Amino acid sequence: MSQNIENIRNVAIIAHVDHGKTTLVDQLLRQSGIFRSNQEVQERVMDSGDIERERGITILSKNTAVNYGDTKINIIDTPGHADFGGEVERVLKMVDGVVLVVDAFEGPMPQTKFVLRKALELNHPVVVCVNKVDRPEARPDEVVDEVLELFMELDANEDQLDSPFVFASARGGYASEDANAREGDMKPLFEAIINHIPAPTGDVHAPAQALISTIDYSEYLGRIGIGKIENGVLRVNDEVVVLNMHNAETQKKVRITKLYEFQGLQRVEVKEASVGNIVALSGIENIMIGDTICSPEKPEPLPFVKISEPTLAMNF
Ligand code: GDP
C-alpha cells in the first residue's frame, strides 16, 4: 500500500478552537471513499480527549489519512496553543503545506495567527478554508480580507498572498470556490490541497532516514515513534541505527518490529514504507522525539526541533 512520493500530500491543519477543524477532517474522511457506505464514521473522530486526559498528557498531534483518487493525504492536527511551541514547529516540519480553517463569521483569531505565523515562516503554501459559510451571520468576503491582512501583517511571501480560498460548510459537507455556494461536496477542497500543496521531497534510492516527531505509547507495543521518512525505505525487521544528540557516537543497531502507515483514523500495519510517508514504528526501546532512524549504511542524523518540557501540557 506504500504510495509513490508524487501521490502523497502531507498537510497540517490549523485553526482557532471551534472554527471547525474536527468537523472538517471528519467530513473529508466521510467523502474520501475509504469507508464502505454501511460503515459509520465514528463520531468526533479527532477528539480523543478523554483518552489523553486519562494518560495525563494532552499533547500530540493526531494523524489521519484520507485518500482522494490515487493520492493519499496525511492530515496532521496542529495544537493551537502557544504552550505547544516546539510541538507546533515539529508538526509543521513534517508537512509541505497547511490548510488554514477560519470561521466565516468570527474571522481570524489569536490561535489562527499563532500557528499561521510559524507556517508562513517555513514558507509553506497555504490553502485557506473559510468554514461555516452556512451560518446566517457568515460574512465570508470580509473574512477573506481579514485573512489577507493577517498574511500581510505576518510577512507572507508572494505565493502565500496568492493562496487559494475555498468556502466550506464542514457541517453541510460542501466546499466551493464561490463564497455563495450552498451545496455540493468537498471536492473543491480536496482539489485545492492536491494542486496547491506539493508532494514531499526525498530520494527513494538513498539510505533510509526518518525523523521521529511524536511519541505514542501502547500497552502492547510500548513506545511508538511517529515521524516522516525523509529518504529511502523502511522495512519491518530492518536493522536500523538510532541517532540522537545523546548517542550520536554509539550507533547501536536495533530492529524495527512493527511498522504502520495511517489510513483513515487507523494505523495499518505494513511491511515496508517509503520516502514521504508518515509512519509509526515500534521495537525501538527508548525511542525519543528528535531521533533519526537510519540505515546503518549511512548513519546521519536529521536536524530536529527541540521541544519545551511536555509537562507544560499537563494542565489541559
Ligand atoms: P474544532 O475545535 O476546530 O475542532 O471545531 P469543531 O469541529 O469541534 O466545531 C466547533 C463547533 O462548530 C461544533 O459545534 C460544530 O458542529 C460547529 N461547526 C463546525 N463546522 C461547521 C459548519 O460548517 N457550519 C456550522 N454552522 N457549524 C459548524
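Predicted model: local features only at pLDDT ≥ 70, side-chain atom pairs only at ≥ 80, totals over all residues.
1. The ligand shell. The ligand is surrounded by 16 residues. D18, K21, T22, T23 and D134 are the closest. By class, seven of the shell residues are charged, seven are polar and two are nonpolar. Helix α1, residues 21-31, supplies the largest share of the shell, with three residues.

2. K132 uses its side chain, with an N or O atom 2.9 Å from an oxygen atom of the ligand. N131 also uses its side chain; here the distance from an N or O atom to a ligand oxygen is 3.3 Å.

3. Cover of the ligand. Taken alone, the ligand exposes 580 Å². The protein buries 81% of that area.

4. Is N10 buried or exposed? N10 lies in strand β1, residues 8-15. Its relative accessible area is 0%. Buried means under 20%, so N10 is buried.

5. Polar partners of N10. What does the side chain of N10 pair with? One partner is the side chain of N74, in a polar contact at 2.9 Å. Another is the backbone oxygen of G276, which lies 2.8 Å from a polar atom of the N10 side chain.

6. Neighbours within four places in sequence are left aside here. N10 is then in contact with M94, V95, D96 and G97, among others. The list also includes I197, P200, K228 and I278.

Notes. Residues numbered from 1 in each chain as written. Heavy atoms only, no water. Near = heavy atom within 4 Å. Polar contact = N/O pair within 3.5 Å; in protein donor to acceptor, adjacent residues only side chain to side chain. Areas by Shrake-Rupley, 256 points an atom, 1.4 Å probe, with all protein chains shown as cover. Helix = DSSP H or I, 4+ residues; strand = E, 2+ residues; numbered from the N terminus. Nonpolar A, V, L, I, M, F, W, Y, C, P; charged D, E, K, R; others polar. Buried < 20%, exposed > 50% of the residue type's maximum accessible area, 1.4 Å probe, protein only. Contact = heavy atoms within 4.5 Å.
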